Amino acid sequence: MKILSIQSSVAYGHVGNSAAAFPLQRLGHEVWPVLTVHFSNHTGYGAWRGPLLEPTQVAEVIAGIADRGVLGSADAVLSGYQGDPAMGAVILDAVDQVKAANPAAVYCCDPVMGDEGRGMFVRPGIPEYMRDVVVPRADIITPNHFELNFLAGRATNSLPEVLEAVDAVRATGPRHVLVTSVLHGDVPEGSLEVVAVSDEGAWAVTTPLLPINPNGGGDVTAALYLAHLWTTGSPATALERTIASVFAVLEATLAAGTREIQLIAAQDAIAAPPTRFAARRLR
């Protein structure tokens, strides 16, 4: 698989492309990372250095890749945090270019906007832009529960309500939806769920809720789900493999006592996801 991944980058740690590229490469896929920022570290530290690239500069990099005549060989475009509508427009233009050259290519969007307990942490206007412009153009989206509620315009407190919200969002365009960090009334204490929905059906995986919430986990999840969905064609299998690998990364991070996800330490569980969590069919 060849993936054009348009995301942020950090020198120290793992978020954006610095979280997504290695797992994809460890699975044997080719990644073309296009950077939207290149910071010293992720912004969760409260201080960082490095350049925020202008949308025109990012467009130039993509144009240079197009000059090589290879966009038609790309199987997917992957994007994460989009800090500005102008950057979003550059990403969507890249999607158009790739799909024009290869109609079978897909666009996987992690609609980063906020999460439970923190609320929205992106600039005003970005959530609406993601909901109204970007998400309808995506084939695969990977929101967390909080972001799903915003995209669907409703609160969801039960599994049927979560599925109804996913259906509402899928009606706007995306075929595949992976919802992470799902908490509802039927989730056992100390657990959380991840839900995958497609034309073929809906599935959920329940995992222990680890006492850790590091930056970059969502970036890894989106990348792995895209890869496993593309290689297996099965949302249920992609869900099981993705969550097994991400859980192993989080366990290694918790054991190491660091705030940076332990991608390198857990790389074997990325390359060969353990059989650990079984997906149960919801419909």
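## Helix α5, tucked inside

The buried residues of α5 are His-145, Glu-147, Leu-148, Asn-149, Phe-150, Leu-151 and Ala-152; buried means under 20% relative accessible area, exposed means over 50%, and partly exposed is what falls in between, using a 1.4 Å probe and protein chains only. That makes seven of the eight residues of this helix (residues 145-152), so α5 is largely enclosed by the rest of the structure. Its cover includes β5 (114-115), β6 (119-120), α4 (126-134), β7, α6 (159-170) and β8 (176-182). The element names are DSSP runs numbered from the N terminus: helices are H or I with at least four residues, strands are E with at least two.

A word on where this comes from. This is a predicted model, where local features need pLDDT of at least 70 and side-chain atom pairs count only at pLDDT 80 or more, while totals for chains, interfaces and linings use all residues. Residues are numbered from 1 along each chain as its sequence is written, and side-chain values use heavy atoms, with hydrogens and water left out.

## The sheet

Nine strands make up an open sheet with mixed pairing, in the order β2-β1-β3-β4-β7-β8-β9-β10-β11. At the edges sit β2 (30-39) and β11 (280-281), each pairing on one side only. Two strands pair here if DSSP finds at least two bridges between them. As background, strands of a sheet pair through backbone hydrogen bonds, either parallel or antiparallel.

Strands β4 (residues 106-109) and β7 (residues 140-141) are a parallel pair with two bridges, and Cys-109 has Ile-141 in β7 as its bridge partner. Further along, β9 (residues 191-198) and β10 run antiparallel, joined by eight bridges. These two strands form a hairpin with two residues between them, and Leu-192 is bridged to Thr-207 in β10. Strand β10 (residues 201-208) is mostly covered, with six of its eight residues buried. Two bridges join β10 to β11, again antiparallel, and Ala-204 stands opposite Arg-280 in β11.

## Helices side by side

Helix α2 (residues 55-67) lies across β1 (2-10) and β2, running at about 160 degrees to β2. Axes are lines fitted to C-alpha atoms, for helices over the stretch in contact, and angles run from 0 to 180 degrees between N-to-C directions. The axes of α2 and α3 come within 9 Å and cross at roughly 15 degrees. The two are therefore roughly parallel to each other; that label covers angles under 35 degrees, with over 145 counted as roughly antiparallel, 65 to 115 as roughly perpendicular and the rest as oblique. On the α2 side Pro-55, Val-58, Ala-59, Ile-62 and Ala-66 meet Ala-86, Met-87, Val-90, Ala-94 and Gln-97 of α3.

Helix α3 also packs with α4, at an angle of about 25 degrees and with the axes 11 Å apart. So α3 and α4 are roughly parallel as well. Here Pro-85, Gly-88, Ala-89 and Leu-92 in α3 meet Ile-126, Tyr-129, Val-133 and Val-134 in α4.

## Two greasy cores

The largest nonpolar core has 46 residues, and Leu-4, Ile-6, Tyr-107, Ile-141 and Val-195 have the most contacts inside it. Helix α3 (residues 85-101) supplies the largest share, seven residues. A second, separate core of 39 residues includes Ile-3, Val-31, Ala-76 and Leu-78. A nonpolar core is a set of buried Ala, Val, Leu, Ile, Met, Phe, Trp, Tyr and Cys residues joined through side-chain atoms within 4.5 Å.

Contact means heavy atoms within 4.5 Å.

## Two residues to look at

Trp-32 lies in strand β2 and counts as buried because its relative accessibility is 16%. Beyond its neighbours within four places in sequence, Trp-32 is in contact with residues including Lys-2, Ile-3, Leu-4, Ile-65, Val-70 and Leu-71. Trp-32 and Leu-263 are 231 residues apart in sequence and 19 Å apart in space, C-alpha to C-alpha.

Ser-181 is found in strand β8. Its phi is near 55 degrees, a positive value in a residue other than glycine. With 41% relative accessibility, Ser-181 counts as partly exposed.
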